[in-house]
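Good morning, everyone. Please bring the model up on the screen, and we'll walk through a few of its parts.

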Amino acid sequence: MEGERVIIANDKHTASIYCSNRVVTTKYTMLTIIPLLLYHHCQRFMNLYFLLVGCLQLWRDVSPVDPWSCWGPIIFIFSLTFIREGLDDLRQHRNDKRINNRKYTVILQNGEKTVKKSKDIKVGQIIELKSDEECPADIVLLASSNEDGTCFISTANLDGESNLKERTAPHQTQKIYLKNKLKNLMCFLKCGKPSADLYSFEAKLYFSPNDNSFNSNSKKQQKNLNNSFHDNDLNNKMNESFDKSNHSKNNHMIFHQETINDNEGDYLPLTKLQLIQSGTILKSPDVICGIVCFTGKETKLGMNSVKPKVKYTKIEHTLDRMCIGVFITQWIIAFLTGTYADYINRNEISKYKYLGFTSGFNKYQTLVIYVRFFLLTSYMIPISMKITLDMCKYVYVIWIERDRKMIDQERQIFANVNNSSVVEDLGMIEYIFTDKTGTLTENKMELKKIAILNDVEETVYGHSENSKDIYDDQQLMNDIRNFDRNVYMAIYVLSMCHTLKLHKSSIGSVDGVSPEEKAFIEGIQRLGFEIHMKSDIFKILYHNSIQKIPNNSQDFIVSEFQLLYTLPFSYQRKRMSVIVKSLNDNKIFVLSKGASDKILNISDKSEKIEEKFKNRISSFASFGYRTMALSYREITETELHQFHNNVENNRNDNEKLESLFFDIENHSKILGSVAIEDQLQQDVPYTISQLRKAGIRIWMLTGDILDTSIKIATSSHLISDDGPLFDLTKIPMNITTRDNLANNMSKNMSKQLNHSVDEILDSILKFSKENGTFYLALSCDGENCQIENILTNKKFVEVASQAKSVICSRATPKQKALIVKSIKDLGKMTLTIGDGGNDVTMLRESQIGIGIVGKEGLQAAFASDFSITHFRFLLPLLLIHGRFSSYRTSWLTQFSFYKSEVLALIQIFYMYFSGFSGVSFLHSFNLLSYNSIFTLLPVIFFLIDKDVSDSTIYLHPFLYKDSQRSLFLNQRTVFSWMIRGFYQSLSIIYFIFHFYDIDYTNNEDGSTISLDEIQQVTYSALILIVMMTVVFATKLFTLYNFFFIFGNWCLYVLLMTFMSYLNSFSQSLFLFGNRSTNSQIYNINLENVELTKEIYLIMLRVLTNPIHWISIFTIVSVAIFPPVIFHILLQILLPTRAEKLREQELLSTQDFQPPYMVNCDDLYEGSPEQLLQLNEIYHQPSVFETANDIFPIFNRQIIDKFI
């Protein structure tokens, strides 16, 4: 084996040379958090811009304002951002610590046991794993508490498969375990290098010649693995869920394998059937032991995982583009104004001799004037936007984690946010990639219905008005009591034709790889039967008292059978059969179960029986049930003897064996069919339907087999009858359709096409253009890894992206991530959702990863951006939280640019009145407090706003497309905000200098109106304009909006009045201390932080002059009302869908109708049933409406008056 490693059991040197078993899913450590955060944030243009402006402000000859007005907000805001991301990563550290500190029992060389944490487990150590424990590393199974050395594990965390897998310990080590619990075990393991392939493992287990645990007889003939004669073929051609189907329960079908000798001694070859991967969960027996071969990042699970990425939202990428555009605009403005200013300084300044300036500036002064004009416009990109968005994200997180509609009432588990940076992307999802097991399904199967065929008629149990399933069907109870032959033959098939192990006769005491077979056994037990299996003998009893059938309360034996042969499931036959002999009458039967079409192929039937059978299968399928057909055949001793001889003579010829199986199964009699319900999670079909209406395409990526995946997709309405299903399972691709969709196919497309991939994809594209909706199904064989080759074809990705749904089965974790990446690379917004460790890689690859807190561990929940408990919670998470967060953040982003643009343009327009001197019109303290204080609170509390109610979105999920298609933030909306800002800044500067011209230069007391007063009036008008813009943009007024919008004006007046009384802000810092001493200690140049000196007593003079108040309200009216009137006219003439529905909401509120009755005839896509459902589900108060959960200081009764 290339790159093989040698692992000596319980050897300290072996343990020291391989990697640690510590699990790390975090992005940062204590040493790397600051450098990495700086590196990642400096990759964003906006952050680099702020640092550039901050450095230029330190240039005293250039800066028109105090540098602290820039650096103060930079330090404060970047600190908050780092703290927020640090707290997010701290959560991941705690989750990792929880996993790494799980305790396991380690067996030392002397047989003693010690307890170690998962992170301390080393390669070569022998660990003891107990039932329901998760395996901490990749181990080779050495022994089991079962005498035969078998165990059953759940690999749902690894490959997504719901069925249990059987593993078998080597006979030698199992014997030692039963003898002395692996005391003094001397062995070493040779295995290949770590591999990401989940389905491959080869190793050699060598035993020391000094190990007295083995005798010569045990070395000559080892019962290694109880493989059937057909196992080698299955390992290559069958999926693992059926690998153990070919394990016979009798000695006729078992062969023995001897140990092999090489230059290093006797060794035992090991395969994947002895490997228990990290992340799998032991289901039975109580205890197993294994030697650790791979740890940490070298495990199968670790090799399939990827490092967590720093994710940025779509809005943040848009922000960077906007910042680049504004940056270019700033330099254009700086170039034009600076050039004209330089011209004036060179040629016109000599006219104003009283200023004392000289003409003929040098190159340095020319550079200074350009940079100064750039800094005057630097406020066009608001640094406060970062803290605004971060505070909004924090509130979004609180609302998500406290939403009552996303609480698991049974387990009392709330939704959780692990990454608050990507909340807004929840409103822009275009593709959802979902796991199957544990995500769409509950992984609980139940036998619901049985259909029995005879020569005359068909009897269906559990399918009548009086019975919903077989367990309350009185006719079935009567037929069982009356010994109906066909009913009992069906029970025999279900009781014995399986690969399960029955420990007890009670319900739930079943181990095996097939959930369907477990459902059969448990269903029969619920009907009152007891099934006992010992060796190859089946004993079936019927217990009347369980069903309380009158006049007969004694147990009696129904029948006793000897199992002679097991004919395992194969993909060619798609059925399984057993040959049994009745010990009551010595009759021999071949009992078969499998796919309906394959059972028909081996059955003798009339056209009438075949028609009834097909109709029943279709009827069961239409209810979303998984179906299976049953048949039996009676054979003679001669036929059995001939079959036995033929099998022995052709044991190594797989094709011949398949033919022999067919011959012995052929000419069977159809018994009927059974229906199994694979229970979906609550409201999964409804959730998928609503998400589809919201414009989201949904893919299923699962490790399960394709047939099961398609059945689950059908029952969950992921695929339906509105289009054909193209099955691209094999290469070259064969395009086929399901039987129930064949009528939707065109004649040309219904034929199998064995052409090139491009030709087939062109055919699908042509079909799509002509017929519209279609679905794709693809099986990614984990062993052949075909999917990587398929996804290199760009045309395939193009075709798949247009499918309504795509089903990808047998996908490994890396293949799942590759599929997600292929769609993400098209520029699409992707969301992945899963519950197992096998989903972690794709959760990290997509823009949004959501982990389900399921029953198979918490790895997905810990590694995801969000965690929820049920798939149905995607509706409130995306449609409500996602859409509203996108709506609010989009508005806040554009509004932040708008208010900063108005401020910057006022500075630029002032240059016309100041001779392009480059000085700042507004004072440093006003510039510092504009974005950080006086316009912050009204903006933040816009995040309570909603353009439509929650119920309206649930009833009209197409409203989600507004955020999905970036209707809230695009070039048109940005341009409209910029035009508004330009108009308002021009209005302010025009009217302010029109009012305060030569005729209005004195105050009431006769004193001269100073430029400081004019700038303060301008600043006051600007603050009021920003506040009124928020008022007219708000659609849902609450007490908080009212308080923080209008209360903000009071805050402005009071704070500015207080600050204007301070001669110097720096002096006020040392009112109670020794200024000189403190300045020496902290080495601060206090003259550079005198922010309030320029506004001394200015606000008091403004407030006492009625001319200033008249000016303020006039300017505000002129600046506010034209844009508002234009917007109202636009809503009347060209309303959006949301605006139409909002109008309907207002009308329904006036008529005292509940909000869920909102309807708009030309937009309505619901049904009366949906209205009733909304009445029951969504009439509860929303988390947004329950504001006292977040702000408990206010009385709820008062709040209700304003909501």
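In H30, the buried residues are Ser924, Phe925, Asn926, Leu927, Leu928, Ser929, Tyr930, Asn931 and Phe934. Buried means under 20% relative accessible area, exposed means over 50%, and partly exposed is in between, with a 1.4 Å probe and protein chains only. H30 covers residues 924-934, and nine of its 11 residues are buried. Helices here are DSSP runs of H or I with at least four residues, strands are E runs of at least two, and both are numbered from the N terminus.

A word on the source. This is a predicted model, where local features need pLDDT of at least 70, side-chain atom pairs count only at pLDDT 80 or more, and totals for chains, interfaces and linings use all residues. Residues are numbered from 1 along each chain as its sequence is written, and side-chain values use heavy atoms, leaving out hydrogens and water.

Now the core. A nonpolar core is a set of buried Ala, Val, Leu, Ile, Met, Phe, Trp, Tyr and Cys residues joined through side-chain atoms within 4.5 Å. The largest one has 166 residues. Ile432, Leu831, Leu874 and Leu878 have the most contacts inside it. Helix H29, residues 874-910, gives the largest share, 21 residues. Where does this core lie relative to domain 1 and domain 2? Both domain 1 (306-353 + 361-378) and domain 2 (416-439 + 681-732 + 756-868) give residues to it, so the core lies between them. Those bounds come from an automatic or database domain assignment.

Look at Leu874. Leaving aside neighbours within four places in sequence, Leu874 is in contact with Ile432, Leu691, Leu831, Ile833, Ile850, Ile868 and Leu879. Contact means heavy atoms within 4.5 Å. A second, separate core has 49 residues, including Ile450 and Leu500.

Most residues other than glycine have a negative phi. Asp132 has a positive phi of about 70°, though it is not a glycine. Asp132 sits in the loop between strand E4 (126-130) and strand E5 (138-144). Ser966, also not a glycine, has a positive phi of about 60°. Ser966 sits in the loop between helix H33 (960-964) and helix H34 (971-995). Are these residues buried or exposed? Asp132 is exposed, with a relative accessible area of 53%. Ser966 is buried, at 16%.
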